[in-house]
Amino acid sequence: MKEWVKARPIVAFFVLSYIGTWIIWVPVLLSKQGLGLASFDIPIPPPLFLIVSTITGPTLAAFLVERVVGGRDGVRALRHRVLHFRVNLGWYLLVIFGPLVILLVASLWTGVSPVTTLAQHWELIFTSFLPATALGLIVTIFEEIGWMGAALPRLQAARGPLIACIILGPLWAAWHLPSFFVAGSGGASTTGINLPLIGLQLLVLSLLAIAFRVVATWIFNATAMAVPLIMLLHSAFDQAPALFGELKIREFSGNALDFTNYAAWAVCAVIVAILTRGRLKVA
């Protein structure tokens, strides 16, 4: 087993991440809250399964692989990336408020209603968006220890930054698959096993994931591999659409909100890739 991990550390990381995560979801998937293949209920909120499975998945996989491949030095390097907080304040402002600004600017195609509505309810940024972003760290901390702390550096070294994002994005998206079938878990909430719908949702999520990882990798590389910034960016990325959903803007809700969010991140990814000539780092 150790020799296999040493020979294929990237493959080993993803295999261990999937196994460590998905095995936690088996009971809830079988239960009435999931696919209903069994008659029992799970009296535990689905988000708790997400938190636990993130720890047993990408976090545990990251430390196991780094320990086997790099020994104490590997674990120390991972810990340094995860605890690299000493970064210019501007980067923190960018990762916290950037997703909100990106979505706000992109919303202008629907008119000025999103801007004026947010301006009228600006306090929600502090009473809803920021607290939700802070709460979301409960999950994104453990996810990004694996994705950016362990997987991305090895993928970049082996394949280059752009290819690394193209590989990591879909694998990250597919990792969420169990949550597709459990209501309230933050997944795609597919009802039953509808393969065409599942495939479409995975495709859309994968494209969004690639775009997000391109932007995240640029920030990661520009800040000497500061994983905490990506933890914050990931949480703010999740919560920005939720804030606009809370505002209940008729022209900017439902599919319009989702498609705008996807398109906005795709455009940002293309701009970053072009301006950095694919290197995804500050010149």
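Visitor: What counts as a helix here, before we start?
Guide: A helix is a DSSP run of H or I with at least four residues, and helices are numbered from the N terminus. Keep in mind that this is a predicted model.

Visitor: Okay. Which helix holds Glu 144?
Guide: Glu 144 sits in α6, which covers residues 124-159.

Visitor: Is Glu 144 buried or exposed?
Guide: Buried. Its relative accessible area is 0%, and buried means under 20%.

Visitor: And what does Glu 144 touch?
Guide: Leaving out residues up to four places away in sequence, Glu 144 touches Gly 149, Arg 213, Val 227, Ile 230, Met 231 and His 234.

Visitor: New topic: aromatics. How many aromatic pairs are there?
Guide: The structure has 13 aromatic pairs. Take Phe 13 and Phe 14: their ring centres are 5.1 Å apart and their planes meet at 75°, so the pair is edge-to-face.

Visitor: Why edge-to-face?
Guide: Because planes over 60 degrees apart count as edge-to-face, and the planes of Phe 13 and Phe 14 are at 75°.

Visitor: Are those two buried or exposed?
Guide: Both are buried. Phe 13 has a relative accessible area of 2%, and Phe 14 has 7%.

Visitor: What about Phe 13 and Trp 147?
Guide: They form an edge-to-face pair too, with 5.8 Å from centre to centre and 90° between the planes. This pair links distant parts of the chain: Phe 13 is in α2 (residues 9-30), Trp 147 is in α6, and 134 residues separate them. Phe 13 and Trp 147 are both buried.

Visitor: Which residues make up the cluster around Phe 13?
Guide: Phe 13, Phe 14, Trp 147 and Trp 175 form one aromatic cluster.

Visitor: Which helices supply its lining?
Guide: α4 (89-106), α8 (195-222) and α10 (255-275) each give at least two residues to the lining of the second largest pocket. Among the lining residues are Leu 94, Trp 218, Ile 219, Trp 265 and Cys 268.

Visitor: How do the lining residues divide?
Guide: The lining of the second largest pocket has 11 nonpolar residues, 1 polar and no charged.

Visitor: Tell me about Leu 94. Where is it?
Guide: Leu 94 is in helix α4. It is partly exposed, at 35% relative accessible area.

Visitor: What does Leu 94 touch?
Guide: Pro 99, Trp 218 and Ile 219, with residues up to four places away in sequence not counted. Leu 94 and Ile 219 are 125 residues apart along the chain, and their C-alpha atoms are 9.5 Å apart.

Visitor: You listed Cys 268. How many disulfides are there?
Guide: The structure has 0 disulfides. For Cys 165, the nearest cysteine sulfur is that of Cys 268, 14 Å away.

Definitions and conventions. Residues are numbered from 1 along each chain as its sequence is written. This is a predicted model: local features need pLDDT of at least 70, side-chain atom pairs count only at pLDDT 80 or more; totals for chains, interfaces and linings use all residues. Side-chain values use heavy atoms; hydrogens and water are left out. A disulfide is a pair of cysteine sulfur atoms within 2.5 Å. On a 1 Å grid over the protein atoms alone, a cavity is a set of points where a 1.4 Å probe fits but cannot get out, and a pocket is an open set with protein on both sides within 12 Å along at least five of seven lines; lining residues have an atom within 4 Å of a point. Ala, Val, Leu, Ile, Met, Phe, Trp, Tyr, Cys and Pro count as nonpolar, Asp, Glu, Lys and Arg as charged, and the others, Gly among them, as polar. Buried means under 20% relative accessible area, exposed over 50%, partly exposed in between (1.4 Å probe, protein chains only). Contact means heavy atoms within 4.5 Å. Rings of Phe, Tyr and Trp (its six-membered ring) pair if their centres lie within 6.5 Å; planes under 30 degrees apart count as stacked, over 60 as edge-to-face and the rest as tilted.
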